[in-house]
Amino acid sequence: MPEGIHFVEMDEESFVRECVDLLKRAQEKGIIMRILGAMAVYIHSSNNSRCKEIHRVRFGEGAPMFTDLDLMAYGKQMNDIKKFFESLGYKPDRMINILFPGKRLIYYHPEGKYHIDVFFNKLEFSHDVPFGEAPGKGRLELSFPAISPTDVVLEKLQIHHINRKDLVDLIVMFLSHELSDKDGDGLINRKYIARLLADDWGFWYDARENLEKVKKMASSLVKEGVLKEDEAQTVVKKVDELIKAIDEEPKTKKWEKRAKKGTSEKWYREVDEIVR
C-alpha cells in the first residue's frame, strides 16, 4: 500500500452508496454536483464485472479503492453548497476554503470517515478541464452521479505527471466505453475531446503523450497477467482511434502560435498536493 495516502475507512460499495445518496439529497434541493476521479471510473464501469476486476489493481492488490470524495459543481451554487454540507454536520476546512476562494471547498465527514473536495466550474491542475459556470449551461447535467465518461477521460489525460493508477483508470474507461461523436451513457465523445485539445497546445501535447503511455501500460498489464491479450488490443485500437480524431481536428490560431514554442517553454502547471 502506498505510503502517505489516507484511504477511506469504509468498504467501497458502502462508500459509493453513501456518496451517491449525498448527491441525490443535494439534487432534491436543486444543487448539482457530480463525482470525479476514481469513483467516477468505478461508477461508469460498475455494470462490467471484468472492468471492476481490472480496476482493483490501480493501487495494488488488497489496497482500498478510494482516498476521498471529489466533486465538481457550479460556482453559481457555492453558497447553497456551503449551507447544504454544514446543515448535515460536515465541517469546513476554513483555511483551504479561504486559500481557494471561488474555486475549491473541503469538508470533513461529521465522524471523520472521509473528506470531500468540491471544485467549481473547471479542474485547474496540469491543464484546464471546463464544466461550465451555472446549471443548464454546462456539462454536469450530461451524467449522474458522476461526470460524463468524456470528462473522466479528459480529467485523466490532463495529468502531466501521470502514474499507474491514472493509466489503469483510462484503460478501464476505454475497455468499458465506445468512442462516439456525441456524449451519452457508455460513450466517449472523441469530437469534443479533439476540439478542446485543438485550442490548447500544452493540453494537446500531454494528452498525446499520455495516450501513448496508456498503450504501453496495457502491454505491461498483459505481462503482469492483469489484462488478456485481446483486451489490450481493444484498448490500443480505441486509443489509436482517439489519437486519429485528435490529429485530424483543425487547430486554432492560438494552438498554432503556442506550438511554435513547443517544449522550450513550460506548457503545464505544477500541481502541489494539499497536505490534509
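The questions and answers below concern helix packing, the sheet and a pocket in a predicted model.

User: Why is α7 called roughly perpendicular to α10?

Analyst: Helix α7 (residues 164–176) and helix α10 (residues 229–248) pack at an angle of about 90 degrees. Angles of 65 to 115 degrees count as roughly perpendicular, so α7 is roughly perpendicular to α10. Their axes are 9 Å apart.

User: Which residues make the contact of α7 with α10?

Analyst: From α7 come Ile171, Phe174 and Leu175, which meet Glu231, Thr234, Val235, Lys238, Val239 and Leu242 in α10. Contact here means heavy atoms within 4.5 Å. By class, six of the residues are nonpolar, one is polar and two are charged.

User: What makes β1 and β3 the edge strands of the sheet?

Analyst: The open sheet has five strands in the order β1-β2-β5-β4-β3, with mixed pairing. Strands β1 (33–35) and β3 (91–92) each pair on one side only, which makes them the edge strands.

User: How do you know that β2 and β5 pair?

Analyst: Two strands pair if there are at least two bridges between them. Strand β2 (residues 69–73) and strand β5 (residues 115–120) have five bridges, in the parallel sense.

User: What lines the second largest pocket?

Analyst: The lining consists of 13 residues, and Ile43, His44, Ser45, Ser46 and Asn47 lie nearest the centre. Nine of the lining residues are polar, three nonpolar and one charged. The volume of this pocket is about 220 Å³.

Terms used
Residues are numbered from 1 along each chain as its sequence is written. This is a predicted model: local features need pLDDT of at least 70, side-chain atom pairs count only at pLDDT 80 or more; totals for chains, interfaces and linings use all residues. Side-chain values use heavy atoms; hydrogens and water are left out. On a 1 Å grid over the protein atoms alone, a cavity is a set of points where a 1.4 Å probe fits but cannot get out, and a pocket is an open set with protein on both sides within 12 Å along at least five of seven lines; lining residues have an atom within 4 Å of a point. Grid points are joined across faces, edges and corners, and a volume is the space filled by probe spheres set on the points. Ala, Val, Leu, Ile, Met, Phe, Trp, Tyr, Cys and Pro count as nonpolar, Asp, Glu, Lys and Arg as charged, and the others, Gly among them, as polar. Axes are lines fitted to C-alpha atoms, for helices over the stretch in contact, and angles run from 0 to 180 degrees between N-to-C directions. Helices (H or I, at least four residues) and strands (E, at least two) are DSSP runs, numbered from the N terminus. Angles under 35 degrees count as roughly parallel, over 145 as roughly antiparallel, 65 to 115 as roughly perpendicular and the rest as oblique.
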